[in-house]
Amino acid sequence: MTRRTHTTTGAGRVARLRRWLGRRGPLLLAVLLAAGAFVPIDGTFVSRVQTELGLTPMDGLALALAVVVAVATAASALVLPRLRWPMAVTGCAAWVFTSTWAALCVASYVVAFSVRRPLRQLTYVAAASALTVLPTTTGLAIGAAGVVWQDMLSSLGGVALFVWLPFALGLWNKARRDVVEGLHERAEQLEREQTARAERARSQERARIARDMHDVVAHRVSLMVLHAGALEINAKDESTAVAAELIRTIGREALGQLRDVIGVLKADGEGVALGPQPTLVDLERLLNQSRAAGMTVSRRDEGTPQRLPTLLEHAAYRVVQEALTNVHKHAGAARTEVLVRYDDGGLVIAVHNDAPSRPVEALPGSGMGLVGLRERVELLDGEFTTGPRAGGGFSVRARLPLSTQATEEDE
């Protein structure tokens, strides 16, 4: 545990250091290059010319050139990494005019690390190498005092030290970065593929469970429909026959809806016959089914009825259906009122039921009905509220706005 804590702390420090360098790196590099402009290499052609002219390294022309190089290299560092060519130009110019090596090293590293085309990289290396030996070759050509052929070896050493070595480091760091990015990309791709496989497995398992549930529930409901049909035929009085017919009709509708829902979960999505979804037109038939079961249900409409999107009307129907189901489960035959109010902004559906007059044996349920309703309503940008009433009972209310989303779905 201690080792892991130390490792995590060390990784956090490295991450903070990288973030700090990402923000302050160009400014820090600019300061270092500006300071490096005042540190030339002794013994070069430019230094010897300055000596012959009677100038010390920080007097007169040398100081002016150093200031210009300091400003130019600092400005080139500040525009990194957006622009790379200013650093390459100022690095070579700093070596030629003031024999300062810092900017040349940074330029070689930047070109190797950031330039993608090999031809451009080779062009820079050739040009920078030629410019590095230019002061010595020029001195030899004009016969400058103190410049001998042995100085060419020093110049070639400067090429290896200030051009080739930073260039090689830049190539190595670039290759390392590409490998790390490739590993990260591969890891992300594997993670996406694993997530997709897990989601596909979950979907297949859900479909399998739904099919199993369909087999079990459909078998039981089918038996109920058959028994209700037999009871309807053999009923000795009219009320029993009507109740049996209602049970048989409801059972057949439940089988049809269950078949449609399970059909949507088929893996291939073919051969699925979907019927029209119930809307507010079917609301009265839903209320009559509850009335036939012994519940006192009243309906109150307010506002001017208007044509609403099918998706919105279907959601309103489901709100009433789930609310009545909860009344059957928890309040028995308690008196219930269904409110349908139209306004300019959309539709308001409310279902209020009184407290049951006698104890009711609660029927089993999944406990997710109201949760599903809330999600359905909120997907349509609506408002959904539930809770007990002040005088007893329960209230379910949904406001469904006439949103653009619902209109587009309807079209």
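**View 1. A salt bridge between D178 and R116.** In this predicted model, D178 pairs with R116 in a salt bridge (a Lys or Arg side-chain nitrogen within 4 Å of an Asp or Glu carboxyl oxygen), with the closest N and O atoms 3.8 Å apart. The two partners come from distant parts of the chain: D178 sits in helix α8 (residues 150-234), and R116 in the loop between α5 (102-114) and α6 (118-132), 62 residues away. Helices here are DSSP runs of H or I with at least four residues, strands are E runs of at least two, and both are numbered from the N terminus. D178 is partly exposed at 31% relative accessible area, while R116 is exposed at 52%; buried means under 20%, exposed over 50%, and partly exposed in between (1.4 Å probe, protein chains only). Residues are numbered from 1 along each chain as its sequence is written.

View 2. D301 and R299 meet side chain to side chain in a salt bridge, 3.0 Å from N to O. Both ends are partly exposed: D301 at 45% relative accessibility, R299 at 30%.

**View 3. Loop to loop, D354 and R335.** Here the salt bridge has its closest N and O atoms 3.0 Å apart. D354 is in the loop between β3 and α12, and R335 is in the loop between α11 and β2, 19 residues apart. D354 is partly exposed at 23%, and so is R335, at 47%.

**View 4. Inside the largest nonpolar core.** This core (buried Ala, Val, Leu, Ile, Met, Phe, Trp, Tyr and Cys joined through side-chain atoms within 4.5 Å) holds 31 residues, and V319, V320, V338, V340, L347, I349 and L400 touch the most other members. Helix α11 gives the largest share, nine residues. Beyond neighbours within four places in sequence, L400 has contacts (heavy atoms within 4.5 Å) that include L312, A315, L347 and V377.

Technical notes. This is a predicted model: local features need pLDDT of at least 70, side-chain atom pairs count only at pLDDT 80 or more; totals for chains, interfaces and linings use all residues. Side-chain values use heavy atoms; hydrogens and water are left out.
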